[in-house]
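Please consult the sequence and the structure shown here while reading.

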Amino acid sequence: MAVTKLSILGSTGSIGTQALSLVDDLGIEVTALSASRNSRLMEEQVRRFRPSMVCMADEDAARDLSVRISDLNTQVLSGEQGMVELASSADCDTVLNSVVGIAGLLPTLAAIDAGRDIALANKETLVTGGQLVTSKVKEKGVRLLPVDSEHSAIFQCLQDRCSAARLV
């Protein structure tokens, strides 16, 4: 199952910007973006990828972004509830979660409830809510995919692709 429509939580960070550098080559449409407070970089991303919705965790940054992109038809949300709304309602098949800290847990759960596959680069989501996340993934029949190198290495070991002794 290939990713065709992607929402990125944490699009102005390292993983988010790296993902955005690949989407054109892979033929992936970016439908939603979120960030903490870097409204200038978010404006650049919105103008380039034309997502239908964006969210800034910081409300002042959301107001700034709204002014910056007032000539576009992109919906601007803010705060934790805005991120949850974006994760659950954006037209996508996969949500890439690369936000920092526990802020990624609620949007991840919302995306799973909405039937979205999760590409996870936020370890705190699993550290704080691992059992809840994995049980919801099973219940909804979506995929939970490790994105960063640490997650991927552990995932491969759990899939019997390396010796458990190598983990120690």
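In which sense do β2 and β3 pair, and over how many bridges? The pairing of β2 and β3 is parallel and extends over four bridges.

## Basis of the description

The model is predicted; local features need pLDDT of at least 70, side-chain atom pairs count only at pLDDT 80 or more, and totals for chains, interfaces and linings use all residues. Residues are numbered from 1 along each chain as its sequence is written, and side-chain values use heavy atoms, with hydrogens and water left out.

## The sheet

An open sheet is formed by seven strands in the order β4-β3-β2-β1-β5-β6-β7, with parallel pairing. Strands (E, at least two residues) and helices (H or I, at least four residues) are DSSP runs numbered from the N terminus, and two strands pair if DSSP finds at least two bridges between them. At the edges are β4 (75–78) and β7 (144–146), each of which pairs on one side only. On average, neighbouring strands of this sheet are turned by 20° against each other, direction ignored.

Strand β1 (residues 5–9) runs parallel to β2 and is joined to it by five bridges; here L9 stands opposite S34 in β2. Strand β6 (residues 117–120) pairs with β7 in the parallel sense over three bridges, and I118 stands opposite L144 in β7.

Strand β2 (residues 29–35) is largely enclosed by the rest of the structure, because six of its seven residues are buried (under 20% relative accessible area, 1.4 Å probe, protein chains only).

## Helix packing

Helix α4 (residues 79–89) packs against helix α5 (residues 105–113) at an angle of about 25°, with their axes 7 Å apart. Helix α4 is therefore roughly parallel to α5 (angles under 35 degrees). Axes are lines fitted to C-alpha atoms, for helices over the stretch in contact, and angles run from 0 to 180 degrees between N-to-C directions.

In this pair, E80, M83, V84, A87 and S88 of α4 meet L106, P107, A110 and A111 of α5, where contact means heavy atoms within 4.5 Å.

Technical notes
Buried < 20%, exposed > 50% of the residue type's maximum accessible area, 1.4 Å probe, protein only. Parallel < 35°, antiparallel > 145°, perpendicular 65-115°, else oblique.
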